[in-house]
Amino acid sequence: MRLWTTLSLIAFAVGCSGKEESTPAAKVPATDHGGHVMPSKDGSGSHGEHGGHENMKMATPRKLVVGSDPSEPQAGSPTKLVLQIQDDDGTPIKTFDLLHEKLVHLIVVREGLDEFAHLHPEVDASGMITIEFAFPKSGKYRLFADHQPQGKSPGLAAGELVVTGDDEPAAALVPNASNEVAVGEIKIHIAIKPGDQETTVRFHFVSADNKPVSDLQPYLGAMGHLVIISADSRKYVHAHPLSEAKTAPDGAVEFAAHFPKPGIYKAWGQFQRGDSVFTVPFVLENKQPKGDSHDKQE
Ligand SMILES: [Cu+2]
């Protein structure tokens, strides 16, 4: 029996490609000693709504104000991130409802998408979001905060941070989703089927002796989570299953994802087994969807 999961899928237009100003890497604002956070220079959240997909919930992300201690984070050393999510009028959001068992899900990726982290920071009574994190490499990072303001719908906030050091830029992304991906002892077959509106992404987990992995566990209340980010880090999709299923006895978990536009994307599936979470990264190319004239105009 296969497990079919339906999804609550929220797609956000994180800026409009081709319209971004080519600003030099802005120095990341530092926290002062009082713990306040200076406004981010990242204006990418200010673009208008990226419309054209009535079936999807598209929204401009809120601003994620990013501060850090030290103010110039070094690759490999612990950095305290101090974050704040602001509403459209600049008001900090102070109270959050639980969203998939956490107040804030923070996704951190390096430019070029070779580094990925999914963190669950602390949130204090003033809405200050903090976590310690050692950025693995230097470079520009993009931060996405999935959250749900108290009494409102789930939302996304996005911001940026620069980490100093002399690491090389990420290698160009090469689609590999049609191949078998291995994580530890587990082999994962990833089948991607483009559709008119949605692309299905099916994971099938098999052990070294080619038996289905039947003992996946729920992770944050679902049998899997799927984060998909465009190669330019501007488009972000986080797919969460709606299904109540808490088991996948045949080792298969399926998602349906809407890709905002054609192009190269990197995706990270996250699953749990033996009480530990593992991540399945892969790169895919989303081809031009049939009959979608909106995306052709971009
Ligand atoms: Cu999370």
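1. Let me start with the term donor: donors are N, O and S atoms within 2.8 Å of the metal (3.2 Å for Na, K and Ca), and sites may look incomplete because water is not among the atoms. Along the chain, the donors of the copper ion follow the spacing H-x12-H-x1-H. They are H105 (ND1), H118 (NE2) and H120 (NE2), at 1.7 to 2.0 Å from the ion.

2. A word on the source: this is a predicted model, where local features need pLDDT of at least 70, side-chain atom pairs count only at pLDDT 80 or more, and totals for chains, interfaces and linings use all residues. Residues are numbered from 1 along each chain as its sequence is written, and side-chain values use heavy atoms, leaving out hydrogens and water.

3. Is H105 buried or exposed? H105 counts as buried because its relative accessibility is 0%, while H120, at 24%, counts as partly exposed. Buried means under 20% relative accessible area, exposed over 50%, and partly exposed in between (1.4 Å probe, protein chains only).

4. The largest nonpolar core has 27 residues, of which F203, F205 and F282 touch the most other members. Such a core is a set of buried Ala, Val, Leu, Ile, Met, Phe, Trp, Tyr and Cys residues joined through side-chain atoms within 4.5 Å.

5. Q148 is also buried, with a relative accessible area of 16%. Beyond residues up to four places away in sequence, Q148 touches several residues (heavy atoms within 4.5 Å), including F96, L103 and P154.
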